[in-house]
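Subject: Structure handover

Dear colleague,

I am passing on the structure below, and after it you will find an account of what came out of it. Please keep it open while you read, so that you can look up each residue as it is named.

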Amino acid sequence: MAGNGEAAAGRHQEVGHKSLLQSDALYQYILETSVYPREPEAMKELREITANHPWNIMTTSADEGQFLNMLLKLINAKNTMEIGVYTGYSLLATALALPRDGKILAMDINRENYELGLPVIEKAGVAHKIQFKEGPALPALDQMIEEGNRHGTFDFIFVDADKDNYLNYHKRLIDLVKVGGVIGYDNTLWNGSVVAPPDAPLRKYVRYYRDFVLEFNKALASDRRVEICQLPVGDGITLCRRVC
C-alpha cells in the first residue's frame, strides 16, 4: 500500500475527480494495488510535480497513463501525435512505451507547462522521441494535410485539448492516422455530465463544454470510417480505430 503522501496525491480531489468510479475507496484500491506499484519512477515524479500546479485538474490520471502505455505497446505504435500536452504526463507514458526510434509530434498552446515536466522527461532518456510544437493545433494539422506527406502515417494519436474543437480535430486526424491506427479522445464522459439533467448544478466550465462533448460522441457513433470503444477510464476515453 502507498504511504499517506502517495495516497493523497492520487485521491479524487487532487485531480478534479478524474475517475468516474462512484467509490473513492475502490478507485484508491485500483491505484494502490495495480497502478502505483508499476508506475515508472519518472511518471511518479512528474505526477507529483503536476499535483502542485494550480491547474492540476488538466492532468491525465495515473490509471489512464498506465492504460495508454500498455495500449501503445499492444498496437506496436512507433509514430504518434499528441494534441494537448500540459506538463507531459501522458506524453511521458507514450514516450516510455515507444521503441527507441519512435516519434511523437506533441502540440500545445503553452510551452511553459510543458517545460515544467521537460526535465523529468529528459532524465528518463526519452526527450529525443518528442518534437514539441507550440501553438494551436488546427493550423498545423491543416498544413500537414496540405503538404500531403503525412497522410495515413500516424499509428496513434491522443487528443486531450479544447473540447469545442474535437470535431474539427477529428475531421483532420482521420486523414493522418493510418488505416488500422488508433485515435484516442480524452474526457468523452466529461465529469459524468453527459447524463446530467439540464438543470443540474455543474461547474461553469463543465456546463460550457458539455454540449460539445455530447455532439462529438454522437458524431463518432455514426462515423463508419472508425470502430469505436468508449471506456470509463479516467474521465472517459474513446478509442477510434480507422477502418477505411
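The lining of the second largest pocket is made up of nine nonpolar, three polar and three charged residues. Please bear in mind throughout that this is a predicted model. That pocket has 15 lining residues, and Arg-38, Gln-66, Phe-67, Asn-69 and Met-70 are the ones that lie nearest its centre. Helix α4, which covers residues 62-74, gives the most to this lining, with nine residues, and the space in the second largest pocket comes to about 290 Å³.

The largest pocket holds about 790 Å³ of space. Its lining counts 36 residues, and those nearest the centre are Met-58, Asp-160, Ala-161, Asp-162 and Lys-163. By class, 16 of the lining residues are nonpolar, 14 are polar and six are charged, while α5, β2 (103-108) and α9 (204-221) each supply at least two residues of the lining.

Lys-163 sits in the loop between β4 (154-159) and α8 (166-176), and its side chain makes a polar contact of 2.7 Å with the side chain of Asn-187. Is Lys-163 buried or exposed? Lys-163 counts as buried, because its relative accessible area is 7%, and the cut-off for that word is under 20%. If residues up to four places away in sequence are set aside, Lys-163 touches Asp-186, Asn-187, Trp-190, Tyr-209, Phe-212 and Val-213.

Thr-87 is placed in the loop between β1 (79-83) and α5 (89-97), and with a relative accessible area of 0% Thr-87 is buried. Its side chain is joined to that of Thr-50 by a polar contact of 2.7 Å. Apart from its neighbours within four places in sequence, Thr-87 has contacts with Leu-46, Thr-50, Asn-113, Tyr-114, Leu-116 and Gly-117.

Next come the charged pairs. Side chains of opposite charge can pair when their charged atoms come close. The structure holds nine salt bridges, and one of them is formed by the side chains of Glu-45 and Lys-123, at 2.9 Å from N to O. This pair links distant parts of the chain, with Glu-45 in helix α3 (residues 41-51) and Lys-123 in helix α6 (residues 111-123), 78 residues apart. Glu-45 is partly exposed, at a relative accessible area of 27%, whereas Lys-123 is exposed, at 59%.

Another salt bridge joins Arg-111 to Glu-134, and here the closest N and O atoms are 3.6 Å apart. Arg-111 belongs to helix α6 and Glu-134 to strand β3 (residues 130-134), so this pair, too, links distant parts of the chain, at a separation of 23 residues. Arg-111 is partly exposed, with 31% relative accessibility, and Glu-134 is also partly exposed, with 46%.

Arg-172 and Asp-142 form a further salt bridge, in which the closest N and O atoms are 2.6 Å apart. Arg-172 lies in helix α8 and Asp-142 in helix α7 (residues 137-147), and the pair links distant parts of the chain, 30 residues apart. Asp-142 counts as partly exposed, at 34% relative accessibility.

With best wishes

Definitions and conventions. Residues are numbered from 1 along each chain as its sequence is written. This is a predicted model: local features need pLDDT of at least 70, side-chain atom pairs count only at pLDDT 80 or more; totals for chains, interfaces and linings use all residues. Side-chain values use heavy atoms; hydrogens and water are left out. Helices (H or I, at least four residues) and strands (E, at least two) are DSSP runs, numbered from the N terminus. Buried means under 20% relative accessible area, exposed over 50%, partly exposed in between (1.4 Å probe, protein chains only). A polar contact is a pair of N or O atoms within 3.5 Å; within protein, one must be able to donate a hydrogen and the other to accept it, and residues adjacent in sequence count only if both atoms are side-chain atoms. Contact means heavy atoms within 4.5 Å. A salt bridge is a side-chain nitrogen of Lys or Arg within 4 Å of a carboxyl oxygen of Asp or Glu. On a 1 Å grid over the protein atoms alone, a cavity is a set of points where a 1.4 Å probe fits but cannot get out, and a pocket is an open set with protein on both sides within 12 Å along at least five of seven lines; lining residues have an atom within 4 Å of a point. Grid points are joined across faces, edges and corners, and a volume is the space filled by probe spheres set on the points. Ala, Val, Leu, Ile, Met, Phe, Trp, Tyr, Cys and Pro count as nonpolar, Asp, Glu, Lys and Arg as charged, and the others, Gly among them, as polar.
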